[in-house]
Amino acid sequence: MKPLPFSWTHYDTFTTCPRQFYGKIVLKKFKEPETEALTWGRWVHEQFEKRQKHGCPLPQTLKEHEPFMTALTDMRGEMSCEEKVGISKDFKPCGFFDKNVWYRAAIDFKKLMPQMAYIVDYKTGKPKPKWGQLKLNALHTFMKHPEVKAVKAEFYWTQTKETSSQMFYRDKQSEMWAEFVPNLKQMLECYRAEEFPPRQNGLCKAYCPDLECEFNGRKK
Ligand code: SF4
């Protein structure tokens, strides 16, 4: 079975449970309901992008984020917003839609300075940092911009208007990749064997859509 390109969400789903990953991502058996939270999150991202890219004023409901938006605008460096990026199967930076793309991401905000980059991910849900996503995007930044020696990666939590940040360094790339390699190898092995075993976890009891799984607690 040919492996699909993966995003952070795909990777996170796989590490939680390969079986759920197979049903949700590979077979697309379970449709995510279009929740208010999802619609809101998408709309906020669009408004922030318009504010940064075109200088459009934020709508009244988002005005409270203007100080953070201004801080981003005022920061020196070359800006990009909602940049769609990719890493190819041979570990090179590539386009999001390229044929040999393996990792795909959209970087909400990036400022590129002479030897440093600053990347931001806007989060409209409850503050709960999962650093893997920003770590992968920092790794992509190191690949794409050989002059960058350090990446400051930040979550902006819109519910609290707070940030959480971490620094990543070029000379620590191997250690950073080491976090992902075992799971990525296992993912490739699952595709090869066409077997995606269940992995019991906290979602089984009440949140997993796979009602056919023996561990699903929502089965009647
Ligand atoms: S019920 Fe649990 S083990 Fe089964 S597919 Fe869902 S998450 Fe995986």
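## Helix packing and ligand shell in a predicted model

The protein chain has 6 helices and 6 strands, where helices are DSSP runs of H or I with at least four residues and strands are E runs of at least two, numbered from the N terminus. This is a predicted model, so local features need pLDDT of at least 70 and side-chain atom pairs count only at pLDDT 80 or more, while totals for chains, interfaces and linings use all residues. Residues are numbered from 1 along each chain as its sequence is written.

Going along the sequence, the pattern reads α-α-α-α-β-β-β-β-α-β-β-α. The radius of gyration of the protein chain is 19 Å, close to the 17 Å from the globule rule for 220 residues, so the chain is as compact as a globular protein of that length. For the record, that radius is taken over C-alpha atoms, and the rule is 2.2 Å times the number of residues to the power 0.38. The C-alpha trace spans about 55 × 40 × 30 Å along its principal axes.

Now for the helix pairs. Axes are lines fitted to C-alpha atoms over the stretch in contact, with angles running from 0 to 180 degrees between N-to-C directions.

| Helix pair | Axes | Angle |
|---|---|---|
| α1 (residues 8–16) and α2 (residues 18–26) | 5 Å apart | about 140 degrees |
| α3 (residues 36–54) and α4 (residues 66–74) | within 10 Å | roughly 40 degrees |
| α5 (residues 132–144) and α6 (residues 173–193) | within 10 Å | roughly 135 degrees |

The α5 and α6 angle makes those two helices oblique to each other; under 35 degrees counts as roughly parallel, over 145 as roughly antiparallel, 65 to 115 as roughly perpendicular, and the rest as oblique. α5 passes α6 in a left-handed crossing, meaning that the near helix is turned anticlockwise from the far one by less than a right angle (clockwise would be right-handed). On the α5 side the contact uses Lys-135, Leu-139 and Phe-142, and on the α6 side Gln-173, Met-176, Trp-177 and Glu-179; residues are in contact if their C-beta atoms, placed from the backbone, lie within 7 Å. That contact sorts into 4 nonpolar, 1 polar and 2 charged residues, with Ala, Val, Leu, Ile, Met, Phe, Trp, Tyr, Cys and Pro as nonpolar, Asp, Glu, Lys and Arg as charged, and the others, Gly among them, as polar.

α3, by contrast, passes α4 in a right-handed crossing. Here Phe-48, Arg-51 and Gln-52 of α3 meet Met-69, Leu-72 and Thr-73 of α4, which splits into 3 nonpolar, 2 polar and 1 charged.

Lastly, the ligand: 14 residues surround it, the closest being Cys-17, Pro-198, Cys-204, Cys-208 and Cys-213. To count as near, a residue needs its C-beta atom, placed from the backbone, within 6 Å. By class, this shell has 7 nonpolar, 4 polar and 3 charged residues.

Methods. Two residues are in contact if their C-beta atoms, placed from the backbone, lie within 7 Å.
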